[in-house]
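Subject: Structure handover

Hello,

Please find the structure below, with the sequence alongside. My notes on what was found follow it.

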Amino acid sequence: MPNLTEIASQVRRDIVRMVHGAASGHPGGSLGCADFLTALYFQIMHHTPQPFDMDALNQDVFILSNGHISPVFYSVLARSGYFDAAELATFRKLNSRLQGHPTTHEGLPGVRIATGSLGQGMSVAIGVALAKKLNNDQSVVYTLHGDGELQEGQNWEAIMFAPNHNVDNLIATIDWNGQQIDGPTYKVNDLGNLREKFEAFGWHTLEMNGNEMDEVVHTLEEAKSLVGKGKPIAIIMRTIMGKGVEFMENDHNWHGVAPNDEQLAKALAQLPETLGDY
């Protein structure tokens, strides 16, 4: 098995090929979060890809709140064994199980909730975490949120609720890439100091470089060590939008634009093929 960095390179190849093949999708945030999701699914989470169980009893659960970065989610699910990687070729096609935002009615293994209506994932994750506590299930609930998504007020109601109800089996990661569809977040609606905000709401709060694999693994392990200690855990994750493809990096214009043929070739030349293209 290739190492985590090599797997993340294949995931990035999958992302640009999927979005190119559909001529639509969201490559920027997907590329930026490839290291995080690779580490989560290939090393950190306790999960069973086959047979897939919607109830996730005694398994960790991941909820993708910013569901538009579905290309990275689908790639990691396929590469970690939830379904055949060949199905990635159907991304955003008619009758595909791989819709632009993850949904459940197609029965795609690995997807337990429809997401993409921004601002809702935190509330759902808290519900899942509380259900696990009621079931005496010691597993962990992981979430991923976009930074621009935190401009939605529902997040802050949920962020306030979680410490008050000792939801200490939740690890929420914020992809702080500073970009959203309309431009830099500080211009659209400045988020201020996210670490201080979460700490003020009563969360254990960590920070990491989300594009440095060793740091991602170390920080996620540290977050796991805080589970069960009375507070939810937040990770403020700095990433580069478009990471791994030079002409996409730090450019909000790649939030939701597909590469053309020439751009795809240029992107793939920067990303080694390690697990075999679908």
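How close do the axes of helix H5 and helix H6 come, and at what angle do they cross? Please keep in mind that this is a predicted model. The axes of H5, residues 121–134, and H6, residues 153–164, come within 8 Å of each other, and the crossing angle is roughly 25°. Angles under 35 degrees count as roughly parallel, so H5 is described as roughly parallel to H6.

The H5 side of this contact consists of Met122, Ser123, Ile126 and Leu130. On the H6 side they meet Gln154, Asn155, Ala158, Ile159, Phe161 and Ala162. By type, the residues of the contact of H5 with H6 are seven nonpolar and three polar, with no charged residue.

One residue of that contact can be followed further. Ala158, in helix H6, has a relative accessibility of 6% and therefore counts as buried. When neighbours within four places in sequence are set aside, Ala158 is in contact with Met122, Ser123 and Ile126. Gly119 lies 39 residues from Ala158 in sequence; from C-alpha to C-alpha the two are 9.7 Å apart.

Asp214 gives a second example, this time in helix H9, which covers residues 213–225. Is Asp214 buried or exposed? Its relative accessibility is 62%, so Asp214 counts as exposed. Along the chain, Asp214 and Asp35 are 179 residues apart, while their C-alpha atoms are separated by 9.7 Å.

Now the chain as a whole. Its secondary structure comes to 10 helices and seven strands. The radius of gyration is 17 Å, close to the 19 Å that the globule rule gives for 278 residues, so the chain is as compact as a globular protein of that length. The C-alpha trace spans about 50 × 45 × 35 Å along its principal axes.

Of the 278 residues in the chain, 56% are buried. The accessible surface comes to about 11300 Å², and carbon and sulfur atoms account for 47% of that surface. Among contacts with a separation of 6 or more, 76% are between residues 24 or more positions apart.

Regards

How values were computed:
Residues numbered from 1 in each chain as written. Predicted model: local features only at pLDDT ≥ 70, side-chain atom pairs only at ≥ 80, totals over all residues. Heavy atoms only, no water. Axes fitted to C-alpha atoms, helices over the stretch in contact; angles between N-to-C directions. Helix = DSSP H or I, 4+ residues; strand = E, 2+ residues; numbered from the N terminus. Parallel < 35°, antiparallel > 145°, perpendicular 65-115°, else oblique. Contact = heavy atoms within 4.5 Å. Nonpolar A, V, L, I, M, F, W, Y, C, P; charged D, E, K, R; others polar. Rg over C-alpha atoms; globule rule 2.2 N^0.38 Å. Buried < 20%, exposed > 50% of the residue type's maximum accessible area, 1.4 Å probe, protein only. Areas by Shrake-Rupley, 256 points an atom, 1.4 Å probe, with all protein chains shown as cover.
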